Amino acid sequence: MRGKRQGTIEVADERVDGPHGPVPIRRYRPAGPDAGTGSPTLVWVHGGGFFRGDLELPESDAVARTLADRGVPVVTVDYRLGPLPGLPCVGRSGPRGRRRAPHARDEIVAVLEHLHDSAPAGLLLGGASAGACLAATAVAVAPPLQGLVLAYGFFHARIPRDRAVQRLVRGHRRITHAPLLLDLSSRGYAGPARGSTFPAAEHLGAFPRTLFVDADRDVMRASGERFATELAGAGVDVERHVLPGSRHAFLNRPGTADSDAALALVTAWAARPVR
């Protein structure tokens with residue numbers, strides 16, 4: 001589909017053939033015939049606990065628009081959502097139905113394979129929260145990547161416990177992001193495919209350079225810290241930032257200082273040559 005110019009970027013909705021049916025994607029390109037051609041394309045995956053979110057979510061659309069405006073081409077993925085926590089995965093809910101792992105990962109990999117030959121500067125993969133987890137698990141079966149961007153993600157079936165971090169969390173997330181509830185939700189999404197829901201130790205050495213941007217007041221920060229340490233121990237080039245005072249899902253709050261700071265870090269990191 002031909003892109004529609006919106007200010008300094010072009011936006012186009014498309015569909016990619018996937019292993020479980022067509023996968024909706026949205027392309028964001030810097031406007032102009034040569035704009036962004038020297039930059040890797042970032043395939044970006046929104047969060048939402050595996051069970052909510054779409055291409056209109058600010059964590060998807062606003063992030064992509066900002067990065068494209070700064071010269072980074074972005075493709076967002078409307079991956080298959082999982083069941084609502086605590087409910088069986090039966091029937092249809094939403095436009096394409098709900099499925100447990102590894103459906104979402106498979107669809108993300110299909111998008112990467114579709115884009116691989118048409119991205120001369122290579123592909124970056126990234127995501128936020130549950131989308132960061134999906135991006136990390138896709139690396140093992142994805143085509144070669146120039147890098148990985150992980151924003152306030154979780155990467156372990158059991159969230160590491162850090163009492164000091166837990167005491168920093170305020171508001172409703174103090175309950176909804178209680179480590180025990182996060183663990184139960186993750187197990188419900190994984191179902192029998194638990195091995196494909198979280199990154200496996202034997203795959204870490206094959207990861208590309210990785211940027212972490214974590215929230216300070218977020219229980220998932222403990223998982224991000226552990227995963228960054230695991231990747232560094234496997235010889236991966238890791239850069240990690242914890243934004244002081246920030247809360248989970250800051251990319252869902254466009255225009256805030258935390259969101260702006262994170263996207264500035266991503267823009268600068270994406271422009272660096274691969275070592």
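**Exercises around helix H6**

H6 is followed by Gly 191, whose phi is positive, near 55°. Helices here are DSSP runs of H or I with at least four residues, strands are E runs of at least two, and both are numbered from the N terminus. The model is predicted, so local features need pLDDT of at least 70, side-chain atom pairs count only at pLDDT 80 or more, and totals for chains, interfaces and linings use all residues. Residues are numbered from 1 along each chain as its sequence is written, and side-chain values use heavy atoms, leaving out hydrogens and water.

**Exercise 1.** Work out which residues of H6 are buried, and how they are arranged.

*Solution.* Start with the helix: H6 covers residues 179-190. Next, apply the cut-offs: buried is under 20% relative accessible area, exposed is over 50%, and partly exposed lies in between (1.4 Å probe, protein chains only). Pro 179, Leu 182, Asp 183, Ser 186, Tyr 189 and Ala 190 in H6 are buried. Seen down the axis, these buried residues fall within an arc of 130° (from directions between the helix axis and the C-beta atoms), so they line one face of H6. Finally, look for their cover, which includes helices H2 (103-116), H3 (130-138), H4 (163-166) and H5 (173-176).

**Exercise 2.** Decide whether Leu 184 is buried, exposed or partly exposed.

*Solution.* First locate Leu 184: its place is in helix H6. Then take its relative accessibility, 45%, which makes Leu 184 partly exposed.

Technical notes. The expected span of a helix is 1.5 Å times one less than its number of residues. Contact means heavy atoms within 4.5 Å.
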